[in-house]
Amino acid sequence: MLLLLVPVLEVIFTLGGTRAQSVTQLDSQVSVSEEAPVLLRCNYSSSVSVYLFWYVQYPNQGLQLLLKYLSGPTLVKGINGFEAEFKKSETSFHLRKPSAHISNTAEYFCAVSDTVPETAEELNTNLLRC
């Protein structure tokens, strides 16, 4: 059985005190069997248009961008077979993988921003400061 760690992480970005975004990961830990589908839930709140991100942190490594939604098609394909679907009406951006593997054991982080960072590292820095 795989154990995918999903820290309950709320990331809040406030710009000028007038606009705030937040994300809430609804699962603190997810255990799945090898090759079973996995779903990691993320809801967000924002008063403006948002850009959404999923990051992964493998043991003893830094954060790595898994996928991002900036605009366009709502189904986003990421690395290693992960995908997420932006559902504005449900304010959700759930991460899923049809078949989990032991190599997927890691911590997963959902993030939101109202601006597109110039690089993935810029958002990494924001995540680590929160």
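Predicted model: local features only at pLDDT ≥ 70, side-chain atom pairs only at ≥ 80, totals over all residues.

Me: Thanks! Which side chain does glutamate 85 meet in a salt bridge?

Reply: That would be arginine 96, at 3.7 Å from N to O. A salt bridge is a side-chain nitrogen of Lys or Arg within 4 Å of a carboxyl oxygen of Asp or Glu. The two residues lie 11 apart in the chain, glutamate 85 in strand β10 and arginine 96 in strand β11. Salt bridges with shared partners join Lys77, Glu83, Glu85 and Arg96 into one network.

Me: Why do such side chains pair up at all?

Reply: Side chains of opposite charge can pair when their charged atoms come close.

Me: OK, and how many salt bridges are there?

Reply: The count is 3. Besides the one you asked about, glutamate 83 meets arginine 96 at 2.9 Å, N to O, and lysine 77 meets glutamate 83 at 3.1 Å, N to O.

Me: Is glutamate 83 buried or exposed?

Reply: Glutamate 83 counts as buried because its relative accessibility is 13%. Lysine 77, at 61%, counts as exposed, and arginine 96, at 28%, is partly exposed.

Me: Switching topic: what are the helices and strands like?

Reply: The protein chain has 1 helix and 12 strands. From the N terminus on, the order is β-β-β-β-β-β-β-β-β-β-β-β-α. Both kinds of element are DSSP runs numbered from the N terminus: helices are H or I with at least four residues, strands are E with at least two.

Me: What about the inside? Which residues have the most contacts in the largest nonpolar core?

Reply: Those are Leu52, Trp54, Leu67, Phe93, Leu95 and Tyr108, in a core of 26 residues. A nonpolar core is a set of buried Ala, Val, Leu, Ile, Met, Phe, Trp, Tyr and Cys residues joined through side-chain atoms within 4.5 Å. Elements giving it two or more residues include β7 (51–57), β8 (63–69) and β11 (92–97). A second, separate core has 5 residues, among them Tyr55 and Phe109.

Me: What does leucine 67 touch?

Reply: Leaving out residues up to four places away in sequence, leucine 67 touches residues including Leu52, Trp54, Val76, Phe93 and Leu95. Contact means heavy atoms within 4.5 Å.

Me: Last one: which cysteines form a disulfide?

Reply: Cysteine 42 and cysteine 110, with sulfur atoms 2.0 Å apart. The pair links distant parts of the chain, 68 residues apart: cysteine 42 is in strand β6 (residues 42–46) and cysteine 110 in strand β12 (residues 107–113). The cut-off for a disulfide is a pair of cysteine sulfur atoms within 2.5 Å. Both cysteine 42 and cysteine 110 are buried, and their link is left-handed, with -75 degrees about the S-S bond.

Terms used:
Residues numbered from 1 in each chain as written. Heavy atoms only, no water. Buried < 20%, exposed > 50% of the residue type's maximum accessible area, 1.4 Å probe, protein only.
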